Amino acid sequence: MAPSFDHLRDADVDEDDYDENEIDLSDLREKYEVQLEQGFDTFVVIDGLPEVTEEQKPKLVKFLLKKLKSIGNTKEESIFMPMGDDGKSLRFAFVEYSTSAEAAAAVRQLDMVPLDKKHTLRVNKMTDIERFGREGRVEEEYQPPVIEEFKEKEHMRSWLADPSGRGRDQFAMYRGETVGVFWNNEKDTPENVVDRQHWTESFIQWSPLGTFLTSVHQQGVQLWGGPSWTRQRRFAHPFVNMLDFSPSEKYVVTWSNRPISIPDEGHPQLAADDDGKNYVIWEVETGKPLRSFANLDLPTTGPDGAPLKAPQAPLACLQVLPRMTLLDKTTIKIEGVMDFEWAPATVQRDGNKQYEQLFCYWTPELGSNPAKVGLMSIPSKQVVRSLNLFSVSDAKLHWQSDGTYLAVKVDRHSKSKKSQATTLEIFRVREKGIPVEVVDTIKDTVINFAWEPKGDRFVIITTTEPVGQTAVPPKTSVAFFCPEKVKGNVVGNFKHLRTLDKKNSNSIYWSPRGRFVVVATIANQQGSDLEFYDLDFEGEKPESDKDLTANLQLMNVSDHYGVTDVQWDPSGRFVTSWASAWKHAMENGYHTYDFKGEQLREEPLEKFKQWAWRPRPATLLTKEEQKQIRKNLREYSKTFEQEDAERVAGADQAVVEERRRMLDEWYAWRQSVEEELEWEREELGLSKPTDAAAAKGEDAEGEVIEEIVEEVLEETEEIVQ
Amino acid sequence: MRPILLSGHERALTQIKFNRDGDLLFSVAKDQHICVWFSHNGERLGTYKGHQGAIWTVDVNPDSTMIASGSADNTIRLWERVEFNEEGTQLLGVTEKRMGHLGSIVVLNINPDIDGEQSDEKELTIVCDESKATVAGWSYMNKYIIAGHEDGSVSQYDAKTGEQLENLPIHDLNMQLTDLQWSNDRTYFITASKDKTAKLVAARDLEVLKTYPSDTPLNSATMTPKKDYVILGGGQAAMDVTTTAARQGSFHHKIFEDEIGRVRGHFGPLNTVAADPTGKSYASGGEDGYVRVHHFDKGYFDFSYEVERERQRAMQQQ
């Protein structure tokens, strides 16, 4: 029977009668002893305060306290602001927090926080200052920092002046374990500029203006450039997977799927705060990290490199470079934002005088609210245009390269959600009020969309069924759209130009200069054709297209077995297609074509991986100068053609010389071998086999083979009566 | 000219050989028959039956009185390759390492008398213990035996003693040699390899004279007499590809190494090519079971490089 209170006897209670004082509690006391804060762990030093007089001081303290209290517990008496002999403050203060954890949090969160427009707080731990300043680490006498002597940097854009004076473009090739940079020589073997083994570990990438070649390693990324191809910068982001430059090449963002882990002994470039982050934003000029982020969506930078976004559904926050603070210190809340895109260029909107950058976003249907596409102006954060849409299953945002148009490809489902259809909502950003035009003549699902760069035409690829798990992908159709011809200086409505059915094409590559487009079937088992179209064909225009601003002409069709990628060169003169060993191992190599689709070169290369044309910065010529050049194009081309002809003649001469040499070498070798053979035969006392054969040939009469061929030419049957 | 299609085999071709006069064509395939054809019109002279397994190789003696064939029928021996010497007095064979036999090159004496008795005693045995030999042949005056190996190397043996004189890595490592064919005077030979190249090699010192790159693994290579061309044949094996591109063989200029044409017509890879010793035609045998005999037309004989013509004119003037 279990003991219970009712049955409790006195004896049970009195049984263990002991003296409380005799119990040894020292071990428990030690264990639960409340540690009183000792030393200066709870103190922080705040620098960067404004200079104040004794009267202004309480005001500043109060203001400061508000900020300090947002982190942890402190009070007015805990702030000590020393005053100088002249009655003004020394622009720093000591603050005591109630715990060391709070002090540490203050260092993390308040450091580099702007107090007002002119002042930025610098917060450090008191103990850190002790540590850094201890043991003669600070010298008694002030030593001015040594300014390194000015060293002239290499000319980073020297490649633009092609030494041969032909304005050739460069490209980088990654094949096998080797990366090389070459001059494009059209039909001839590319001229090597630099070739290095194991230059990169995973892939290569040019910076957007072509200044740097980026190599990607396990330890981070490295930028190379200049005529000597030396290392210019390194960004030590361990296990980096991807990187992106801001369009101005001022900043780089690197991303790794593994969160950064900073080893205990520290990291050469990253700080302890970066631990656990996936993104790091670096400044190219200094090579220093600016800020790191945990895994969000890939941040992208605005066209002038200024604002930087890091979308974090359901809200987006904007960071302003270079100080990497949130724009207006707040995030922009957009409920349920799915995707957004910066306008690729600064757009001059009708009736808007202020500097602005645009970005668009879309949100899906939430409850009874419709789906929305919005266009926001930065830095004012005004939504300048929004559009409500219904029955949206997905939307894709496509900016035209100048930011003149924004096409929103909306995949809509019917009420039963059984069938899909696509409409295109085209925002005319430059026009007053931003009118939206709807193209809803498309019956199928659009799988690819591409604007003409610097133009106003576009190509779409549609397919009959939604792409799903089928053995053979369904046939696709390629459709071209262009604006109608209208009077005046405006762009007419977008009209369907032509549709080409029963294709396998899945990719669209516009020339960077517009007008020409390559529609290709890549990474596909069914085909591998590249079709080159001209949208301003100079020949006769079909009657049906007379109101349209395009004249479509298929210039050439080419086949590149196993093609996986296609890229235009930055000048729009050449197209390269390649079969990369990353995707399959069959017939890796590249083909180059001119813009008309005529094949110039074909080179199969073992383990060919990547081709990258070196981008060019924007031209420095003014509009007038460009116009002048266009006017005198005939004269220029005459001299160029002559130069080309001379070069070809010279090259032919060289080839002939080389062949002559090879031929002579061969016959010289043959002669030496024959002489040796002769000598050896004589040595052995053998006669020449040819003599023997000849002797035999004289005896043996040639056999005559007679062949009787019977061929029935015609057979007629006549009945003779 | 239209090629003559010889459809006498039911399975993939393994080797074709012209006799020295160029009027007969011997073809062997995996279907156990040896076919003999008149090369000028493609008429079948006859077939040899008797092998029980796939036949890998055939050679005909200089007088066209005897042929030797090597087959995978386990009743006799595993011959990978046979070749008569220049005079037809000796026969060379490559055996595969299988069923207790070491991979080796053997030399047998041949009794030139057709009705005479042949001895089966081996004159010489060269054991290739490092890497199996896949192809082998006699050099000029039976001086050397040249063998190509599975590891991409080529060896030179003394034909009398069997001593290895040289072993050079001519082709990429572990890219096996698939063919070795001789020039008319047997002073140099052409090798074909899975490393997608064919090479012209001198017999006396194994110096690589020329390299012919291809875009496909090669199965065979031959040299055309009269004109300085080489013909390469190959292609991805059917099990390695999902779709075959139309490139199986190619013509190259022997001296300039340039590609000058393509061999077309076969479905699937080319297994063997052979050139007529008289220089009038060539034959190709494919995985598709057909032999195609191509007679060269006038354009072929007329075509020559400017520098070649230049040289010819200079020779005539002398």
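Predicted model: local features only at pLDDT ≥ 70, side-chain atom pairs only at ≥ 80, totals over all residues.
In chain A, the secondary structure amounts to eight helices and 41 strands. Of its 721 residues, 27% count as buried. Among the contacts in chain A with a separation of 6 or more, 45% are between residues 24 or more positions apart. Chain B has 318 residues, and buried residues make up 47% of them. The secondary structure of chain B consists of two helices and 26 strands. For chain B, residues 24 or more positions apart account for 41% of the contacts with a separation of 6 or more.

Two open sheets of chain A are described next. One open sheet of chain A contains four strands in the order E8-E9-E10-E11, with antiparallel pairing. Its edges are formed by strand E8 (204-206) and strand E11 (230-235); each has a single partner strand, so one side of each is left without a neighbour in the sheet. On average, and with direction ignored, neighbouring strands of this sheet are turned by 25° against each other. Within the sheet, strand E10 of chain A, which covers residues 221-225, pairs with E11(A) in the antiparallel sense over five bridges. A:Trp224 has A:Arg231 in E11(A) as its bridge partner.

Another open sheet of chain A also has four strands, in the order E21-E22-E23-E24, and its pairing is antiparallel. Here strand E21 (339-342) and strand E24 (382-389) stand at the edges. Because each of these two has a single partner strand, one side of each lacks a neighbour in the sheet. Strand E22 (residues 357-363) and strand E23 (residues 371-378) of chain A run antiparallel and are joined by seven bridges. Between these strands, A:Gln357 has A:Ile378 in E23(A) as its bridge partner.

A:Phe92 is found in strand E3 of chain A, which spans residues 92-96. There are 15 C-beta neighbours inside 10 Å of A:Phe92, so this residue counts as partly exposed. The class follows from the cut-offs, because a residue is buried with 20 or more such neighbours and exposed with 12 or fewer. When residues up to four places away in sequence are not counted, A:Phe92 touches A:Val45, A:Ile46, A:Asp47 and A:Leu49. A:Ile46 is 46 residues from A:Phe92 in sequence, while the C-alpha atoms of the two are 5.5 Å apart in space.

In chain B, strand E16 (residues 177-182) is mostly covered, with six of its six residues buried. E16(B) pairs with strand E17 (residues 188-193) of chain B in the antiparallel sense, over five bridges. Across this pairing, B:Asp179 stands opposite B:Ala192 in E17(B). The two strands form a hairpin with five residues between them, and in this hairpin B:Arg186 takes a positive phi near 60°.

H2(B) packs against helix H7 of chain A (residues 633-684) at an angle of about 50°, and the axes of the two helices are 9 Å apart. H7(A) and H2(B) are therefore oblique to each other. Their class is oblique because an angle under 35 degrees would count as roughly parallel and one of 65 to 115 as roughly perpendicular. The crossing of H7(A) and H2(B) is right-handed. On the side of H7(A), the contact is made by A:Val656, A:Arg659, A:Arg660 and A:Leu663, and on the side of H2(B) by B:Glu306, B:Val307, B:Glu308 and B:Arg311. Five of the residues in this contact are charged and three are nonpolar, with no polar residues.

Conventions: Residues numbered from 1 in each chain as written. Chains lettered and ligands numbered in written order. Pairing = 2+ DSSP bridges. Contact = placed C-beta atoms within 7 Å. Axes fitted to C-alpha atoms, helices over the stretch in contact; angles between N-to-C directions. Parallel < 35°, antiparallel > 145°, perpendicular 65-115°, else oblique. Left-handed = near helix turned anticlockwise from the far one by under 90°. Nonpolar A, V, L, I, M, F, W, Y, C, P; charged D, E, K, R; others polar.
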